[in-house]
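Work through the exercises below with the sequence and the coordinates open side by side.

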Amino acid sequence: MKKVPAFGSKLRKNIVAVPEIIDECSGIRVFGQLLKSFLFSTDVAIIRNTNASAIIAVYPFTPQPAISNALILAADKPIFCGVGGGITTGSRSVELAVHADFQGALGVVLNKPAPNDLIRRLKDRIDIPVTITVVSEKDDIKGRIQAGIDVFNVSGAGKTTDIIKRIRDINDEVAIIATGGKTDETILAAIEAGANAISYTPPSTGELFKAIMDRYRNE
């Protein structure tokens, strides 16, 4: 294995690094860029200080163009923006997706409740991949594929590997991002089940600050 030259600095050595085991997955190539690790965050400070390949910017509020625009401008890597699909749906989700596309997002993410017709409408209007979140083996996976979905974002907690295998039984080529948990073993299990990329939830800024402050107190 060839040695990879690495460069850093005293000012940028404290980053949120994703687990190295993620390199074992195939990745998803989007417009020529190979994406293996997706950081699940809307925290601009963390987004600017991570070695993840890309960002999944999904949050539990009504999607707003001002938020996606701020994240896209601040990020130094590709962003997949949430555009609703649950409470926010229909034409509003379509307009949010068009806006995200025009602003430079590399993909959009729909929530689990999104109807298949919304996937079709997005595929007709935007030129970037459409991702749908899957949380259960009972989700309409076949219907999503028939509607033209590009990427499945599997977030099934302890059932994640089962859901991945279910998708692979139906379609062996569709792209899959999956939550891998916190350990190398659970991440590898998701990859071996068929995940192409892994999403990683970073520590909060509060947790990161705690470690720094503890160190300061002991100096």
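The exercises that follow concern a predicted model, and they go from the whole chain to single residues.

**Exercise 1. The overall fold**

Task: Determine how many helices and strands the protein has, and decide whether its radius of gyration agrees or disagrees with that of a compact globule.

Solution. Begin with the secondary structure, which comprises 8 helices and 10 strands. Next, take the chain length: for 219 residues a compact globule would have a radius of gyration near 17 Å, and the protein, with 18 Å, agrees with that expectation. The box that the C-alpha atoms fill, taken along the principal axes, is roughly 60 × 40 × 30 Å. Then turn to burial and surface: 47% of the 219 residues count as buried, while the protein exposes about 12,100 Å², of which carbon and sulfur atoms supply 52%. Finally, consider the contacts in the protein with a separation of 6 or more, of which 56% are accounted for by residues 24 or more positions apart.

**Exercise 2. The packing of α3 and α4**

Task: Describe how helix α3 packs with helix α4, giving the angle, the distance between the axes and the handedness of the crossing, and then characterise the residues of the contact.

Solution. Two numbers are needed at the outset, since two packed helices are described by the angle between their axes and the distance between the axes. Helix α3, residues 90-103, and helix α4, residues 116-125, pack at an angle of about 35°, and their axes are 10 Å apart. The crossing of α3 and α4 is right-handed. On the α3 side the contact is made by Gly-90, Ser-91, Ser-93, Val-94, Glu-95, Ala-97 and Val-98, and on the α4 side by Leu-118, Arg-121, Leu-122 and Arg-125.

**Exercise 3. The buried residues of α2**

Task: Identify which residues of helix α2 are buried, and state which elements they pack against.

Solution. Within helix α2, which spans residues 65-74, the buried residues are Ser-68, Leu-71, Ile-72 and Ala-74. Their spacing can be read with a general rule in mind: an α-helix has 3.6 residues a turn, so residues three or four places apart point the same way. The buried residues of α2 pack against helix α1 (44-47), the strands β4 (54-57) and β5 (79-82), and helix α3.

**Exercise 4. A strand residue and its surroundings**

Task: Decide whether Ser-199 is buried or exposed, and list what it touches.

Solution. Ser-199 lies in strand β10, residues 197-200. Its relative accessibility is 8%, and because this is under the 20% cut-off, Ser-199 counts as buried. Leaving aside residues up to four places away in sequence, Ser-199 touches Phe-38, Ile-177, Ala-178, Thr-179 and Gly-180.

Terms used:
Residues are numbered from 1 along each chain as its sequence is written. This is a predicted model: local features need pLDDT of at least 70, side-chain atom pairs count only at pLDDT 80 or more; totals for chains, interfaces and linings use all residues. Side-chain values use heavy atoms; hydrogens and water are left out. Axes are lines fitted to C-alpha atoms, for helices over the stretch in contact, and angles run from 0 to 180 degrees between N-to-C directions. Helices (H or I, at least four residues) and strands (E, at least two) are DSSP runs, numbered from the N terminus. A crossing is left-handed if the near helix is turned anticlockwise from the far one by less than a right angle, and right-handed if clockwise. Contact means heavy atoms within 4.5 Å. Ala, Val, Leu, Ile, Met, Phe, Trp, Tyr, Cys and Pro count as nonpolar, Asp, Glu, Lys and Arg as charged, and the others, Gly among them, as polar. The radius of gyration is taken over C-alpha atoms; the globule rule is 2.2 Å times the number of residues to the power 0.38. Buried means under 20% relative accessible area, exposed over 50%, partly exposed in between (1.4 Å probe, protein chains only). Accessible areas come from the Shrake-Rupley method with a 1.4 Å probe; for residues, only the protein chains shown count as cover.
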